[in-house]
Amino acid sequence: MKHSKNKLSIYKRYLNIARRIREESCFKSTILSMIGAVIFSLFLLSVPILILVNLLIFTKLQLFITILLVFLISVWPFLFFFAYYKLLSQYHDKIKKMELKYVYWSESAVSAFILLTFSIAVAIMILGGI
Amino acid sequence: MKYYFKKYKILILIVIILYLPLLFCLLYPTKYSVTAPGELRSTAKVYQSDEFTINDQFYTIYVLGYYPLTPFQSFLAKRNHEMEVGIHHAEYRDTTKLNEFKKGQLSKEASLIESAIAAYEEAGKIDTSIQIEYEFRGLKIYHAPSRLKDLEVGSEIIGVNGNSYLDYLNNPSGFLDLVKLDDNNSIELTLKNGKKFTYVKQGSEYLAFVYHFKIIYSSPKLVLSGLNDLVGGPSGGLIQGLSLYASLLKINTEKIKIAGTGTLSYAGFVGEIGGLRQKIYTANRSDIDYFFVPKSQYNLISDISTNYLVFQVECFSEAVDKLYEALKE
């Protein structure tokens with residue numbers, strides 16, 4: 001009972017912080033932060049991903065490389081949201097003072113889970129040749 | 001964003017300068033292609049039947065053919081003795097990735113049907129209850145230059161130079177049969193919809209066809225389940241045929257593992273394939289006992305040491321004899 005109450009309070013805290021971020025931020029700063037976060041995260045991940053894709057000519061390593069690719073794809077939301085909230089807090093001092101770890105971890109984790117599920121399905125289809 | 005750009009200006013510039021050549025090496029498409037070792041695939045899923053069990057001791061081998069290589073891939077592949085790097089010639093580049101896929105699927109379909117015909121007919125010599133009826137329906141375009149919009153991969157041809165497609169049936173000289181051009185370097189093709197089309201050859205371009213057979217009846221009944229997977233190409237024909245032959249006659253091959261490569265025509269002719277050296281390297285990584293290759297290509301691999309016995313075969317009946325030989329050992 002106590003455990004579920006804690007869970008509920010974390011969820012309520014997340015909703016509360018997300019609402020406050022929405023109120024404080026504006027369209028322009030959100031778009032600029034998103035663009036910056038996309039550039040930053042892709043900049044960091046594109047080289048390792050491209051190296052792995054290039055190495056797919058070694059069929060012996062295909063399974064190992066595919067697992068690494070799935071892992072890197074799942075890491076992407078964590079980098080994106082890290083850069084996004086860093087940039088957003090630069091535009092708005094009030095957001096900087098908020099406890100952003102709740103929104104950061106929950107949004108990154110949900111996005112990573114969706115990408116992980118999707119990329120595992122694609123990997124199985126490709127490796128299975130079906 | 002501006003804040004970070006100003007704060008880390010020098011660092012960002014240095015990283016971008018290093019980053020661009022790296023991206024070039026990882027992304028720029030060169031004119032090189034590679035043939036690399038691949039994997040073994042069991043033939044057990046290629047055919048299915050409710051009336052008999054498909055033997056699972058036979059393996060085909062696929063190799064990786066990839067174009068275009070990036071400079072990084074080219075660098076790695078040229079330093080690997082098991083890979084073959086070469087310039088991808090213009091006439092081979094004259095196709096799209098989608099058409100490459102369609103060609104693989106088309107040749108696989110033709111191969112599955114022709115192998116089934118050869119296997120049923122050979123097995124029917126021993127057990128008369130094994131029967132197959134099939135019909136030759138013409139030729140299908142396997143490759144046509146991209147400038148010819150009327151000829152797509154899979155377009156059906158029912159006549160060549162005014163002759164019926166049946167005139168091209170008794171020429172089992174290989175899987176891809178090039179129709180001879182006349183003195184003016186041209187041929188007239190009749191498409192299935194009745195439309196006539198004159199093809200005039202330009203430069204080194206080429207037209208290639210596969211036979212279009214339809215299985216009308218088979219006893220025991222056979223399903224071509226291999227049509228549903230993404231791996232394409234005709235090079236598994238011989239082993240698929242042998243696997244089906246062994247399955248139809250319920251030959252016990254449990255003690256041996258057999259792999260091989262080579263196309264198989266409906267008339268039992270074993271044809272040449274590409275990437276043979278890479279297939280041998282692939283087989284060397286596994287624990288197979290016997291490997292079948294087309295006799296005409298044995299000279300390409302004679303210098304590679306193998307941990308299995310290599311059988312050179314010209315036709316399906318010879319391959320069947322070698323199979324019995326292997327079972328006796």
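A residue counts as buried if 20 or more other C-beta atoms, placed from the backbone, lie within 10 Å of its own. By that cut-off, 15% of the 130 residues in chain A are buried. This is a predicted model, in which local features need pLDDT of at least 70, side-chain atom pairs count only at pLDDT 80 or more, and totals for chains, interfaces and linings use all residues. Residues are numbered from 1 along each chain as its sequence is written, and chains are lettered from A, ligands numbered from 1, in the order in which they are written.

Chain A holds 5 helices and 0 strands (DSSP runs: H or I of at least four residues for helices, E of at least two for strands, numbered from the N terminus). Its pattern along the sequence is α-α-α-α-α. The radius of gyration of chain A, 18 Å, is well over the 14 Å of the globule rule for 130 residues, so the chain is more spread out than a compact globule. That radius is taken over C-alpha atoms, and the rule is 2.2 Å times the number of residues to the power 0.38. Along the principal axes, the C-alpha atoms of chain A fill a box of roughly 50 × 40 × 20 Å.

Now to chain B. Helix α5 (residues 97-124) and helix α6 (residues 237-248) of chain B have axes that come within 8 Å and cross at roughly 40°. Axes are lines fitted to C-alpha atoms over the stretch in contact, with angles from 0 to 180 degrees between N-to-C directions.

Definitions and conventions: A residue is buried if 20 or more other C-beta atoms lie within 10 Å of its own, exposed if 12 or fewer, and partly exposed in between; C-beta atoms are placed from the backbone.
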